[in-house]
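Notebook open, model loaded. I want to go through the core first, then the rings, then the charged pairs.

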Amino acid sequence: SRPARGSSGKMAAPMSRGSRGPEPGAAPYGNFPNYSRFHPPEDRVSLLPQGLLRSLFPAATRPLLGELSVALYQHLVGLQEGDSSPEAPGAGKELNLLCCDIDPELIRRAQQSSPFPASISFASLDIMDSGAREPFLSSYLERFGRSSFDIGFCMSVTMWIHLNHGDRGLLEFLALLASLCTFLLVEPQPWKCYRAAARRLRRLGRADFEHFRSLRINGDMAESVTRILTQECAMELVCSFGSTSWDRSLLLFKSTSADPEG
């Protein structure tokens, strides 16, 4: 998922007006057109154990529902890099994914390039717009006779929600994820990334993030996200898989109000 804004309208990563071209990291909603080039998926998935799904759902007899990228899909179902055959062991049988982004152009590109169209669904969704979110997610889950996801992945998204919707928006977003997922893997951006994102916008002469200077939830964001999820969202921290080369923690949480096999 990507963060959302309350008003309608299409968005694209901002371009600088100078001769240097796009300013890296200057997309105010995190909708970078070439994100994987400077933050490759392998940096994250290499930290996750190959048998993660089996360890979390040892008795699963139905396809699991999650939200993640092609790289995570390949890693979690045990496919080798470059193996896109839907008949490969586990492909399309162990995992069904819903991948959402606020930017319709990024979704269009993902749909066109996806090697697993039968198992991975891509959708342009304003995750903070309940009017759009609730009917869409309900419709998707009903296809599987389900009311929630087995596992959700929130990879470097919390900062964009926080910057564009404030402390209240971050709390609402985390509560939403906790209510929708039995397990949740979160990669929060550290506070230095907040400062860098604001600085890049200023360099482009754009308005600062509306909530940046008034955020009371700040400092150690991995600790803050953990506190919110465990103290306010009925989840418990299962483990940390370490940090990526960008100093971002991968934190796995489990709902304390749901049976993982229920």
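First, a term: a nonpolar core is a set of buried Ala, Val, Leu, Ile, Met, Phe, Trp, Tyr and Cys residues joined through side-chain atoms within 4.5 Å. Buried means under 20% relative accessible area, exposed over 50%, and partly exposed in between, with a 1.4 Å probe and protein chains only.

Ground rules before I start. This is a predicted model, so local features need pLDDT of at least 70 and side-chain atom pairs count only at pLDDT 80 or more, while totals for chains, interfaces and linings use all residues. Residues are numbered from 1 along each chain as its sequence is written, and side-chain values use heavy atoms, with hydrogens and water left out.

**Core**

I looked up the largest nonpolar core, and it has 45 residues. Phe 149, Leu 163, Phe 173, Tyr 194, Phe 209 and Leu 229 have the most contacts inside it. Among the elements that give two or more residues to this core are strand E4 (149-155), H7, H8 and H9. H7 gives the most, with 11 residues. Helices here are DSSP runs (H or I, at least four residues), strands likewise (E, at least two), numbered from the N terminus.

I then listed what Phe 149 touches, leaving out residues up to four places away in sequence: the list includes Leu 65, Leu 98, Leu 137, Tyr 140 and Leu 180. Contact means heavy atoms within 4.5 Å. There is also a second, separate core of 29 residues, which includes Leu 48, Leu 97, Phe 183 and Leu 252.

I checked the length of H8 (residues 191-203). Its 13 residues should span 18 Å at 1.5 Å a residue, and the end C-alpha atoms are 19 Å apart, which agrees. The expected span is 1.5 Å times one less than the number of residues.

Which residues of H8 are buried? Trp 191, Cys 193, Tyr 194, Ala 196, Ala 197, Ala 198 and Leu 201 are. The buried residues of H8 pack against H7 and helix H9 (221-232). After H8 comes Gly 205, with a positive phi near 75 degrees.

Next I went over to His 162, in helix H7 (residues 158-180). His 162 has 0% relative accessibility, so it counts as buried. Its side chain makes a polar contact of 2.8 Å with that of Tyr 194. A polar contact is a pair of N or O atoms within 3.5 Å; within protein, one must be able to donate a hydrogen and the other to accept it, and residues adjacent in sequence count only if both atoms are side-chain atoms. Other residues that His 162 touches include His 211, Leu 215 and Met 221.

**Rings**

A search of the whole structure gave me seven aromatic pairs. Rings of Phe, Tyr and Trp (its six-membered ring) pair if their centres lie within 6.5 Å; planes under 30 degrees apart count as stacked, over 60 as edge-to-face and the rest as tilted.

I looked at Trp 191 and Tyr 194: they are stacked, 4.5 Å centre to centre with 25 degrees between the planes. Being three residues apart in helix H8, Trp 191 and Tyr 194 are separated by about one helical turn. Trp 191 also pairs with Phe 212: the centres are 6.0 Å apart and the planes at 20 degrees, so this pair is stacked too. This second pair links distant parts of the chain, with Phe 212 in the loop between H8 and H9, 21 residues from Trp 191. Phe 212 is buried at 12% relative accessible area, and Trp 191 is buried at 17%.

Gly 219 is in that loop as well. Its C-alpha atom is 5.6 Å from that of Trp 191, though 28 residues separate them along the chain. Gly 219 is partly exposed, at 35%.

**Charged pairs**

How many salt bridges does the structure hold? I count seven, a salt bridge being a side-chain nitrogen of Lys or Arg within 4 Å of a carboxyl oxygen of Asp or Glu.

- Glu 105 and Arg 108 form one, with the closest N and O atoms 2.4 Å apart. Glu 105 is partly exposed at 36%, and Arg 108 is partly exposed at 36%.
- Asp 150 and Arg 146 meet at 2.6 Å, N to O. Asp 150 is buried at 2% and Arg 146 is buried at 14%.
- Arg 62, Arg 146 and Asp 150 are linked in a network of salt bridges.
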